[in-house]
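Biologist: Before we discuss any labels, could you put the model on the screen and tell me which definitions stand behind them?

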Amino acid sequence: MEEIRVETIPVPTRILTERDDIVDAIEKYTKDKIGPDDLLCCAESVVAITQGRFVRPEDLHITKVAQFCCRFIPDYGSLASPHGMQSLMEVEGKWRVAAALFVGFLAKLVGQNGFFYKWGGEQTALIDDVTGTMPPFDKCIVYGPGEPHEVVKKIQQRLGCFGAMIADVNDLKRSRVVGVTEGTNGELAAKLLIDNPFGNASQKTPICILKNYRKYQEAQGAH
């Protein structure tokens with residue numbers, strides 16, 4: 001059987017802001033590049049930015065609870081700064097986050113991981129602290145996108161492609177599905193994005209196309 005290969009095509013754009021509609025922008029930059037067998041992938045931070053889901057650190061009032069709780073987050077995490085932790089508490093609730101952190105700490109003592117991100121609220125794993133996205137929003141804290149599954153459905157309908165996915169990918173070899181269309185194997189696609197084809201700096205490539213993904217997914221399902 002002939003091996004099915006997927007080509008990853010990063011799509012350059014101008015800087016997208018809260019004045020843009022993400023579906024319109026994706027259509028504009030990909031309409032001549034995407035086909036019915038392809039999967040359209042978009043970086044979650046860019047979707048959130050177009051939804052206005054970001055905050056400037058100087059606009060936050062940092063509480064003592066946030067200053068205390070951030071000390072228990074590894075230095076590489078987006079919640080390791082007082083501003084990052086405070087931004088989470090603004091949307092998920094101060095005491096919910098603190099309680100989840102405490103329970104997560106106790107769970108780790110008995111070898112159980114991930115409780116903080118499970119109980120701290122949806123945004124716990126989605127927030128990008130400053131420098132976590134492309135300029136000029138690298139000076140902002142960016143939340144995860146709202147209604148990601150509705151967004152990908154609109155993208156798929158507009159483009160006529162096989163599927164659409166919003167992904168949280170970084171240079172630490174972490175690739176996670178935030179929203180994906182029905183019938184699309186998001187976990188399989190996430191593995192193809194592990195080397196982070198999205199440009200978070202001067203590249204300005206927050207969109208990428210996985211060419212021939214439908215046939216690839218079908219072939220993988222047959223194995």
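Modeller: Two strands pair if DSSP finds at least two bridges between them, and helices (H or I, at least four residues) and strands (E, at least two) are DSSP runs, numbered from the N terminus. This is a predicted model, in which local features need pLDDT of at least 70 and side-chain atom pairs count only at pLDDT 80 or more, while totals for chains, interfaces and linings use all residues. Residues are numbered from 1 along each chain as its sequence is written, and side-chain values use heavy atoms, with hydrogens and water left out.

Biologist: What makes β1 and β6 edge strands?

Modeller: Five strands form an open sheet with mixed pairing, in the order β1-β7-β2-β5-β6. β1 (7-11) and β6 (174-180) each pair on one side only, and are the edge strands.

Biologist: How do you know that β5 pairs with β6?

Modeller: Pairing needs at least two bridges, and six join β5 (residues 163-170) to β6, the two running antiparallel. Within this pair, Met 165 stands opposite Val 180 of β6.

Biologist: Why is Thr 30 called buried?

Modeller: Buried means under 20% relative accessible area, exposed over 50%, and partly exposed in between (1.4 Å probe, protein chains only). Thr 30 has 0% relative accessibility and therefore counts as buried.

Biologist: What does Thr 30 touch, and which helix holds Thr 30?

Modeller: Thr 30 lies in helix α1 (residues 22-30). With contact meaning heavy atoms within 4.5 Å, and residues up to four places away in sequence not counted, Thr 30 touches Val 11, Leu 40, Leu 159, Ile 207 and Ile 209.
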